[in-house]
Amino acid sequence: MTENESFEIVDTTLRDGEQSAGVVFSIEERMNIISALDKANVKWIEAGIPAMGKQECEALSLMLELPIKSNLIAWNRANLKDLKASIDCGFKFVHVSLPVSDLHIEYKLQKSRVWVLDQLKTCLEYLKNCGITIIVGAEDASRADPEFFLQYADIAASYGAIRIRYSDTVGCLDHFTTYNKIESIVNRSPLPVEIHAHNDFGLALANTLAAYRAGAKFASVTITGIGERAGNASMEETAVSLKHFYNYDCGIELEALTSLVEMVSKASERTLFPYKPVVGPFTQKILDN
């Protein structure tokens with residue numbers, strides 16, 4: 001096992017979380033969630049997608065004016081129009097994402113591996129003189145050729161990216177496979193690896209913990225685990241599990257989790273059931289131990 005001395009939480013409640021069917025946060029709710037995440041000591045917050053249009057950009061610009069310590073990140077497809085929208089909003093942290101599996105490259109993009117690498121270079125070349133901190137996402141990495149992922153990571157590193165997101169986009173991994181894949185990659189990757197796990201088989205938390213054990217340095221999570229399809233790894237379960245099982249403090253204020261879950265549950269109209277792990281009244285005692 002790789003000794004993991006640093007593992008940080010990246011909250012994507014307001015980006016991937018809002019891709020959950022039927023979930024639309026108002027501007028006020030988004031501002032309140034960001035403020036609460038900041039108070040809970042969440043260092044990284046994926047705030048939204050400027051390319052969604054003028055109304056989204058106006059909302060994101062307001063969020064950037066909040067007096068917070070957290071770093072707000074704009075999520076982008078790898079095209080110059082998306083990136084310009086993020087820069088115009090005022091973002092200093094920009095996530096650039098491209099598919100890296102042959103399945104997605106051929107059937108989603110109808111392109112080639114060469115095109116993906118060239119497009120990444122074009123986007124990062126555009127950003128490198130803009131005073132932007134770059135984060136690179138690798139969509140469908142769990143079904144990609146590891147050698148191609150590492151080639152993609154090498155390019156990201158050469159342009160100054162600070163980390164690379166390994167996305168289990170379709171939620172197809174189990175925790176044993178996650179451990180093996182992440183351990184192999186972190187030993188060769190030029191960048192710190194961020195795990196982004198989807199919960200299609202109910203294993204997003206287990207896969208996130210496996211990635212932690214294997215040497216990943218960041219985890220992309222959402223409050224209550226909301227997200228596309230079956231959702232993502234939940235922040236509250238991840239933070240408390242790290243502390244309970246591995247005595248690892250990821251920096252999140254655990255006492256703030258219950259109110260955060262209640263806030264997001266209400267805003268997303270997802271009932272906070274009494275048996276909700278970690279923060280529900282039946283398991284609340286976990287936070288006290």
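The largest nonpolar core here has 85 residues. A nonpolar core is a set of buried Ala, Val, Leu, Ile, Met, Phe, Trp, Tyr and Cys residues joined through side-chain atoms within 4.5 Å, and buried means under 20% relative accessible area with a 1.4 Å probe, counting protein chains only (exposed is over 50%, partly exposed in between). Val 136, Tyr 152, Tyr 166 and Met 235 have the most contacts inside this core. Helix H6, residues 146–158, gives the most to it, with seven residues. A second, separate core has six residues, including Val 10, Ile 73, Phe 93 and Phe 218. In soluble globular proteins, nonpolar side chains tend to be buried together.

Before going on, keep in mind that this is a predicted model: local features need pLDDT of at least 70, side-chain atom pairs count only at pLDDT 80 or more, and totals for chains, interfaces and linings use all residues. Residues are numbered from 1 along each chain as its sequence is written, and side-chain values use heavy atoms, leaving out hydrogens and water.

Now for the strands. Helices (H or I, at least four residues) and strands (E, at least two) are DSSP runs, numbered from the N terminus. Eight strands close into a barrel, in the order E1-E2-E3-E4-E5-E6-E7-E8, and the pairing is parallel; two strands pair if DSSP finds at least two bridges between them.

Let's zoom in on strand E4, residues 93–99. Seven of its seven residues are buried. In a regular strand the side chains alternate between the two faces of the sheet. In E4, Phe 93, His 95, Ser 97 and Pro 99 sit on one side, with Val 94, Val 96 and Leu 98 on the other, and both faces are covered.

What about its neighbours? Five bridges join E4 to strand E3 (residues 71–77), and Arg 77 has Ser 97 as its bridge partner in E4. Between E3 and E4 the chain passes through helix H3 (residues 80–89), making a right-handed β-α-β crossover: with the strands pointing away from you, the path from the first strand over the helix to the second runs clockwise. Seven bridges tie E4 to strand E5 (residues 133–139), where Ile 134 is the bridge partner of Val 94.

Finally, take a look at Tyr 166 again. Leaving aside residues up to four places away in sequence, Tyr 166 touches a list of residues, among them Phe 149, Leu 173, Lys 181 and His 196, where contact means heavy atoms within 4.5 Å.
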